[in-house]
Amino acid sequence: MLASLLLFAAAPHGDALVRVQTPTASDAATVHELGLDVWTEVPQGPWLDVRVKQGQWAQLDVTGLDYEVRVPDLGPQVEAERLRLAGPVAHGGEPDPDAFFGDFADLAQIHARIDELAALHPDIATVIETGESLEGRRLPALRVTRAPEGSPTILLDAGQHAREWIGISSATCVADRLVRRADEPEVAPLLAAMQFVIFPVVNPDGYVHSWEVDRLWRKNRRPPDGVDLNRNFPVVFGGPGASDNPMAGNYHGEAAFSEPESAAVRDLAEDLDPLLAVVDVHSYGQLVLYPWGFTLDPAPADDALSTAAQTLSQGLGAAYGTPYEPIPGAGLYPASGNLMDWAYGDLGAYSYVLEMRPASDVEFPLGFVLPPEDIIPVCDELYDGLLALSEQLADTDPPGAGDDGGAWESTSSSGGSTETGQTTIEPPQGTSSSGGIEGTGAGTTSGSTTAAPRGSEGSSTEAQGADSETSADSGCGCTSSAGGTYWALLGLLLFARRTPRRRAVA
Ligand SMILES: [Zn+2]
């Protein structure tokens, strides 16, 4: 079956990888708006790496931006991978479980692996069905724990972006390890104290598309050209670094949580109580990102978030010395409406994006198409990073939500979307009311307010008091279309709460 599917996989012969100089945020926004395929998720220099298809060169030239061709033809790289996977692929089970990770696995294989782990080890592993994708595919996550109900939870998700296969493989591999190594001393105490939930393929429709049609597909499969799920979350939905052009790679969709896949993440995360941390796995760049992504200004809990990011970074680098640089998520330019900002801003969790291998400056061809030999080492890195983070956070409370609406206001006119209020602002269907404020539109979009960190019952009164003031758990299901009034109120709240919300990690 695998081979027959792959007969239809397209190799983009003639597509080039180009480095475009984008000295300003406005230049970067221009490149996104062209509908070119931007590979640089988090710019670390004044440039973007962009895939240019045949017929798109004139579009690029018209911008007047300088560029250089890094890889004239990406086709051979994709074709080599396709041929390899079309041949006999070993995905062994017992007694050598790592054989499964000897090469990349398609969606059916990954789902089967998740199901199998739960079936083999029902004492510690349970499948959670979080919903269905736009095209009706399953969205399973695996809960691994020996801890009592109500223990703090770490959510590890991957595959929001379809082509980032190494993230999907390594997250699946981490689920596998947590189950199989549950009795080993490095992980047993963690499993006794906390819960791990691994959601390996958030965007299954896109992932299947990347296997069968376009290896370099990024978004989900919403017609006409997909929605970038990682711009479809409500904290500053539609702000800078998210496009309202449906053909752009960072198109944010019609409204926050308009997509069933992001809504599934929301429903899952809100159900995990208390939610201690969210780790959203991507590639590539070798980075550990922490909030905010929507603004260059520091988050209220910047100290706690960055300290834990250092720990994560050290864990990721422990096995092979691979550098993973911890930086605020906005990098040089903001990216609004992402999962990381929502998990922190609305749910109050420690929240990270990991950009796995390779680094953004290695010689291509690499990028999204990594050799299969990298799967186990990247799994080692992700596993070590997750355990290091878990150990550090085990006895702490979530950092509490915070929001920096004022900061967002001051940057709201630069780059990104300037849409004018046609966006709907209803909570998506089936939403619970605990998602906090879901303001959108008007180009001054929502911040979010804080949700009580659900694990804070036993925490200091300082944090608890602060969070309960505006707890979104009160069932407000708040929506707002009045950006100005909303921001004014939010600003007052934030001003009053800013200081007590800073809490250092023990
Ligand atoms: Zn990504």
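**Disulfide**

I counted disulfides, taken as pairs of cysteine sulfur atoms within 2.5 Å, and the count came to one. The bond joins cysteine 173 to cysteine 379, S to S 2.1 Å. I noted -85 degrees about the S-S bond, a left-handed link. Cysteine 173 sits in helix α6 (residues 165–180) and cysteine 379 in helix α12 (residues 375–393), so the pair ties together parts 206 residues apart in sequence. Helices (H or I, at least four residues) and strands (E, at least two) are DSSP runs, numbered from the N terminus. Both cysteine 173 and cysteine 379 are buried. Buried means under 20% relative accessible area, exposed over 50%, partly exposed in between (1.4 Å probe, protein chains only).

**Ground rules**

I am working on a predicted model: local features need pLDDT of at least 70, side-chain atom pairs count only at pLDDT 80 or more, and totals for chains, interfaces and linings use all residues. Residues are numbered from 1 along each chain as its sequence is written, and side-chain values use heavy atoms, with hydrogens and water left out.

**Zinc site**

I looked up the donors, meaning N, O and S atoms within 2.8 Å of the metal (3.2 Å for Na, K and Ca); water is not among the atoms, so sites may look incomplete. The zinc ion is coordinated by His161 (ND1), Glu164 (OE), Glu164 (OE) and His282 (ND1), at 2.0 to 2.4 Å. Along the chain the spacing reads H-x2-E-x117-H. Glutamate 164 lies in the loop between β7 (153–158) and α6, and histidine 282 in strand β9 (residues 275–285), so this pair ties together parts 118 residues apart in sequence. Glutamate 164 and histidine 282 are buried.

**Strand β10**

I checked both faces of β10 (residues 287–290) and found them covered. Leu287 and Leu289 are buried on one side, Val288 and Tyr290 on the other. For pairing, DSSP must find at least two bridges between two strands. Four bridges join β10 to β11 (residues 325–328), and these strands run parallel. Tyrosine 290 stands opposite proline 328 in β11. Three bridges join β10 to β12 (residues 350–359), running antiparallel. Leucine 289 has valine 353 of β12 as its bridge partner.

**Helix α9**

The 12 residues should span 16 Å, and the end C-alpha atoms are 16 Å apart, which agrees. Nine of the 12 residues are buried, so α9 is largely enclosed by the rest of the structure. Among them are Glu261, Arg266 and Glu270.

Terms used:
Expected span 1.5 Å × (residues − 1).
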